[in-house]
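Q: Could you walk me through this one? I'd like to start with the interface and then move on to other things.

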Amino acid sequence: MVASSSSLKLQDLIQEIREAKTQAQEREVIQKECAHIRASFRDGDPLHRHRQLAKLLYVHMLGYPAHFGQMECLKLIASPRFTDKRVGYLGAMLLLDERQDAHLLITNSIKNDLSQGIQAVQGLALCTLSATGSAEMCRDLATEVEKLLLQPSAYVRKKAVLTAVHMIRKVPELSNIFLPPCAQLLHEHHHGVLLGTITLITELCERSPAALKHFRKMVPQLVHILRTLVTTGYSTEHSISGVSDPFLQVQILRLLRILGRNHEESSETMNDLLAQVATNTDTSRNAGNAVLFETVLTIMDIRSAAGLRVLAVNILGRFLLNNDRNIRYVALTSLLRLVQSDHSAVQRHRPTVVECLREPDGSLSRRALELSLALVNSSNVRAMTQELQGFLESCPPDLQADCASGILLAAERFAPTKRWHIDTTLRVLMTAGTHVRDDAVANLTQLIGGAQELHAYSVRRLYSALAEDISQQPLVQVAAWCIGEYGDLLLEGSCEETEPLQVEEEEVLALLERVLQSHMSLPATRGYALTALMKLSTRLHGDNNRIRQVVSVYGSCLDVELQQRAVEYNTLFRKYDHMRAAILEKIPLVERGGSQADEEAKESKETAQLSEAAPVPTEPQASKLLDLLDLLDGPSGDAQHPPPLDPTPGGALIHLLNLPCAPPPPAPIPNLKVFEREGLQLNLSFVRPPGTPTLLLITVTATNTSGGDVTHFICQAAVPKSFQLQLQAPSGDTVPAQGGLPTTQLLRILNPKKAPLRLKLRLTYNHFGQSVQEIFEVNNLPVETWQ
Amino acid sequence: MGQRTLSPDHSSSRYASLYFCCAVENQDNELLTLEIVHRYVEMLDKYFGNVCELDIIFNFEKAYFILDEFIIGGEIQETSKKSAVKAIEDSDMLQEVSTQFLMPREKMMVVL
C-alpha cells in the first residue's frame, strides 16, 4: 500500500522529529506523518494499526492533536492480538478520558477481557479501568472486579484490589461490595496484594464511620503484620537499604493512624509497636527516614502516651540536624503543625530551629521563620529577637514583611521593658522600614508617648537615626513627630542612656527641612515634618525666623494638605502669636485602642461631658484650636484624618465653644462589696455609660467560697420614688460552692432628677439546708453613681 | 543517586540529565514519594540495562508499561522490583508469541 510504505517506523519518526531544527520543521514532519496515519486509519489496515497508533501517541505526548485516533483505540482493544491490546489500552488511557464520547464504548471490551483467562490481558483491562473508569463503568463492572479478588493469580488479585479502590472513589456505594472480602485479603502473604488491601481498607475507613468502626477490630492483626515485617520479614526483593518494604510499612502506619485517631483503646494497642518502629528503624538512608516520618505522624495524631509524643518530637528535632535538605523540610513542616499542641516539647529544639534560619533555601528559611516566631515566649524573647533581627537584615525581600511584623508582634506581647520595646521597634524600622505594617508608626508614637522617662532617650536615638538616613518613611515619620514633641529634651544635652549628643538648634531645623524637601518623603511624612517644625517654634530658644520662612513657603505648596497646614500655621504666627505656646503644648497621652477608635472615643467623651461641669483651663478660642491641633497632631492620623469635629457639625461647634478642652476620660467607679455571710459574698460594680448621663448600670455578682451550694437565690432591689428601676433576669439561681461560676444580675437605674442614690436589697436563698432572708440598705455608695 | 527536592504539592528528582516530577496530595509522605520515584528509575534501569534518556524516548510505550506494573490508579501495586520487571518481560514474550502464531512475517516488527 502506498500509504504505509512511505510512512515511517515509530523509531524513525522519533528520530526525524528530534532532528528537526525549528518548531516549524517539527510541525511539518508531524503533519506529514499524521496525514499518513489518518489515511491508514481510513483504509482500515489491521496489521499496522498498532504501529500507527503508537506513532500517534508519541505525537500526542508532544502536544499535537490526536483525537482522530480514539476509534482506533477501540478497535485495537477489541482485537484478539496481545500486541494490539497492549497499545490499544495505552491509547485508551491517554486519549479516552471521561470527557470523550467514545469513552463508554470501551466498557464492553474491558468486560470481556476481565473474564478471559490470560492474566496479562486481565491486567491491562484492570489497569485501564482504574485509570479512566467513569462512575457508570464502575457500576457496570463492579461484580467482575469482585470476582477477580479471589483469583488464584496474585498478579491479578493485586490489580483487582486497587481497581476496587478506584471504584469506591468514583462510586462510594460500592463500598458494600468491597468491604466483606477485606478480612480474607488481610491474610495475604504476597506483599503487593497486602499493600493493595491496606490501601483499600484505608479508603473504606476514610469514607464511612461504620467501616471505621468495623476495621478497628483488626488493629491487633495489623499490629502483628507490621511487627512481623519489621522484625523478621527481611526479603531482598522488597527491601530498600535494609528497611523491609518501606512502602508497605508506611501504608500500614497510615491505616493505624486513621484507626487510632480519637480512640483510646486502639491507640493503646499500637503504642508499643510505634515505639519499637520509632527506635529501631535504620535512619542512615532515606527509606528508613520515610518510615520514621510516617511513624511520627501517626504518633502525633492518635491518643498516644506522653512519653511517646515527646519521642516523636525529638525525632523531628533530630531530622532538623540531618544533612539531607528534604528531611529538614519535612521536619520543619511537621513541627509547625505541632507547635501549638505540644509547645514545650517543641521548645526544646528551639536552638536548632533558629539555626535553620540560616538556610540558603528559601522554602526552608520561610518555615524556620514561622516556627521561630511561634516559639517566642517571655523567657526567651530577648535572645529570639536578637536572632530574628539578624535574620531580618539578611533575609530575602519576600520574607522581610513577615519577619518585621512577627518581631513587632512578639515585642508587643513579651517586651520585658519599655526601653527594650522602643529599641526593638526602632531597630526593625531602621532595617526594614518599608515593609512594616501601617500601624507601626502609630504604635511606636503611642509607646514613646506613654513612657515619659524615656522621652529624652527616644528623641536622641531617633534624631541620630534620622540624621543618618531619611529614606525609611515610617522611621522618618516617628522621628519627626518625636523631635517636634520633645525637641527641648534633645537640646538639653545630657541623657545617661545614650552617648552624649551635642545638637545645635540650627542642625535640628536643617534636618527637618531636609525631610520636607526630600523627594523620598511621602506627603504624610512632609506633614509630620512641617508640624514638627511648628512645634519647635515654642520648644527652641532662638528666634523663629527660619521656621516662619519655611512655613510661609509651604503656604503655596501644590499639595493641598501641606498648604492648608502651612496657611494655618502662618496665621498662628501672624494673628494668634500670643496663643501659640498653649496650642503647641505637649500632647496628652491618647488612650490605646487604634487610631480611628481614639478619634471616636474622644468625640463621644466630649459629648458626654457636655452636661458635666468640667473645668476650663484656657480661653475658649485658644482651646478650640487646641482641639483642632490635638486631633491633627495626634499619633493616630496625620495623613488621612476625618474632619476633626464629630458627626453633628452644628452641635460640635457649640460644644467646642462652651466646653472646649479635650477632657480626660471618666475614671471608672470602684466596686463595692455589700454583703457577706458564711462564704456567700455579694459585690456591686457600677457603670455610667457615656452618652446617657442619667443612667446607672449596676451588676450584682454573687460568689460562693463555702463548701455548700447556695440554691434558690433571689435578689430584689428598691430605690427612692424619683428613680426608675429595672431588674434584668439573673444568670442563674444557684451559686455553686468552692468558688464556682458566680451568678450575675443587671440592674438599670434611671435618675433624671440627679438625686442622691439610695439602694435597698432583699436576698432570699437556701444554704447548708437552711433558708435565709436578708434585707439591708447599701451604704457607702460612691458619689459618682449619681452625680 | 540523584538530587531530590520537595515542595508543597510536588516532588522532583534529578538523575543526571533526567528530571522526574510527581504530583502529591496533602496527606502523602513526601520522603516516601522520593523513594517511589527512585524505585521506578531502578525498574527502568533493570529493564533497559543502564537506562539513559534515549532509551525512554525511543521506547516511551515501554516506560508506560513499566509504570503500569508499579502503580495503578495512583497507588502502589508491587513493591518488588524483580516481580514488576518480570511481568513486563512476560508480556513482551506474550507479544512475540502472539505475533509468531498469527503473522510470522511480523516478527521483525515486534519492536515498534
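A: What follows covers the interface, the cavities and the salt bridges, in that order. The model is predicted, so to speak of its local features a pLDDT of at least 70 is needed, side-chain atom pairs count only at pLDDT 80 or more, and totals for chains, interfaces and linings use all residues. Residues are numbered from 1 along each chain as its sequence is written, chains are lettered from A and ligands numbered from 1 in the order in which they are written, and side-chain values use heavy atoms, with hydrogens and water left out.

Q: How many residues of chain B are in contact with chain A?

A: 53 residues of chain B touch 58 residues of chain A, where contact means heavy atoms within 4.5 Å. The two chains bury about 5200 Å² between them, 61% of it on carbon and sulfur atoms; buried area is the accessible area (1.4 Å probe) that two parts lose on being put together, summed over both.

Q: And how many salt bridges are there between chain B and chain A?

A: There are six, a salt bridge being a side-chain nitrogen of Lys or Arg within 4 Å of a carboxyl oxygen of Asp or Glu. B:Glu69 forms a salt bridge with A:Lys159, with the closest N and O atoms 3.2 Å apart.

Q: Which element gives the largest share of chain B's side?

A: Helix 4 of chain B does, with twelve residues, where helices are DSSP runs (H or I, at least four residues) numbered from the N terminus.

Q: Switching to cavities, what is the volume of the largest one?

A: About 140 Å³, with the volume taken as the space filled by probe spheres set on grid points joined across faces, edges and corners. A cavity is a set of points on a 1 Å grid over the protein atoms alone where a 1.4 Å probe fits but cannot get out, and lining residues have an atom within 4 Å of a point. The largest cavity is lined by 15 residues, and A:Leu124, A:Tyr155, B:Phe65, B:Asp68 and B:Glu69 lie nearest its centre.

Q: Back to salt bridges, how many over all chains?

A: The search finds 43. In one of them A:Glu294 pairs with A:Arg257, the closest N and O atoms being 2.9 Å apart. A:Glu294 lies in helix 18 and A:Arg257 in helix 16 of chain A, so the pair ties together parts 37 residues apart in sequence.

Technical notes. Helices (H or I, at least four residues) and strands (E, at least two) are DSSP runs, numbered from the N terminus. On a 1 Å grid over the protein atoms alone, a cavity is a set of points where a 1.4 Å probe fits but cannot get out, and a pocket is an open set with protein on both sides within 12 Å along at least five of seven lines; lining residues have an atom within 4 Å of a point.
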